[in-house]
Amino acid sequence: MIQNDLTKKFSKTTRVTHGITALLILALFPLGKYMEGLEISEKMGLVKIHAVLGILVFILTIIRTISFFRHKRPVHLKTGSKFNDKLTVWIHNIFYFLLFGIAISGIATMILGGYGEALQTGNIDVIKSHSEIASLKPHGIMALIMMILLILHVVGVVKHLILKKENTLKRII
Ligand code: HEM
């Protein structure tokens, strides 16, 4: 029988930044996909919102990374399967790398694609077509991979709850 100590929580900073980041990601992905299909003239307001919320995710990820190394963390969860134990840790680690990659490629897209200049000057003619912006494809691909991992992440929590009767969310909320 698996028994994890769920009274040991992550630090408050980690818990708060984790929750806000999760909500922001759930808004940013559909927003990014929605913007893709719009004409440039229709989407500048949304690009601004997307960029501001995305930069907020970036800042929260930096804070969470610092907090990760600064504070004592609860021991890794035991799931009953060696493979799942490792998968849990790797999904968590990959999230950090993807969040940095998505934020940096997003900022690069703002600069290289002319979005930043267009927002400053009001001249949307400086915005390049999607195929000309090298950082946009990696941005979209990393965001998609992250959404797949997010689903696996949630499936893992629900599976553990059903099979092991442990609410592991207690450690992070
Ligand atoms: C976790 C954070 C983020 C997520 C999940 C996200 C997600 C997405 C997605 C799914 C797209 C559509 C990509 C495609 O063409 O396939 C997109 C586009 C875009 N993102 Fe992000 N993004 C994030 C952060 C950022 C940041 C930090 C910035 C800039 C500061 C940014 C700027 C942009 C821009 C400029 C586009 C192109 C909009 C267009 O022309 O249609 N994103 N994003």
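Trainee: At which residue does α2 bend by about 35°?

Mentor: The bend at a residue is the angle between axes fitted to the seven residues ending there and the seven starting there. This is a predicted model, in which local features need pLDDT of at least 70 and side-chain atom pairs count only at pLDDT 80 or more, whereas totals for chains, interfaces and linings use all residues. Residues are numbered from 1 along each chain as its sequence is written. By that numbering, the bend of about 35° in α2 is at Leu-46.

Trainee: How many helices and how many strands does the protein chain have?

Mentor: Both are DSSP runs numbered from the N terminus, helices being H or I of at least four residues and strands E of at least two. Along the sequence the pattern reads α-α-α-α-α, and the C-alpha atoms fill a box of roughly 65 × 30 × 20 Å along the principal axes. The counts for the protein chain are five helices and zero strands.

Trainee: What distance separates the end C-alpha atoms of helix α1?

Mentor: The expected span of a helix is 1.5 Å times one less than its number of residues. Helix α1 covers residues 12–36, so its 25 residues should span 36 Å. The model agrees with that expectation, the end C-alpha atoms being separated by 36 Å.

Trainee: How far do α2 and α3 reach from first C-alpha to last?

Mentor: α2 has 31 residues, with 45 Å expected at 1.5 Å a residue. α3 likewise has 31 residues and an expected 45 Å.

Trainee: Against which helices do the buried residues of α1 pack?

Mentor: A residue is buried if 20 or more other C-beta atoms (placed from the backbone) lie within 10 Å of its own, exposed if 12 or fewer, and partly exposed in between. In α1 the buried residues are Thr-14, Thr-17, Thr-21, Leu-28 and Gly-32. Contact requires two C-beta atoms, placed from the backbone, within 7 Å. The partners of the buried residues of α1 are α2 (40–70) and α5 (136–164).

Trainee: What covers the buried residues of α2?

Mentor: The buried residues here are Val-47, His-50, Gly-54, Val-57, Leu-60 and Arg-64. Leu-60 touches Thr-17, Ile-20 and Thr-21, not counting residues up to four places away in sequence. The cover of the buried residues of α2 includes α1, α3 and α4.

Trainee: With which residues is Tyr-96 in contact, leaving aside neighbours within four places in sequence?

Mentor: Tyr-96 is found in helix α3. Because it has 13 C-beta neighbours inside 10 Å, Tyr-96 counts as partly exposed. Beyond its neighbours within four places, its contacts are Thr-61 and Thr-65.

Trainee: Is Lys-165 buried or exposed?

Mentor: Lys-165 lies in the segment after α5 and has a positive phi of about 55° although it is not a glycine. Most residues other than glycine have a negative phi. Lys-165 has 9 other C-beta atoms within 10 Å, so its class is exposed.
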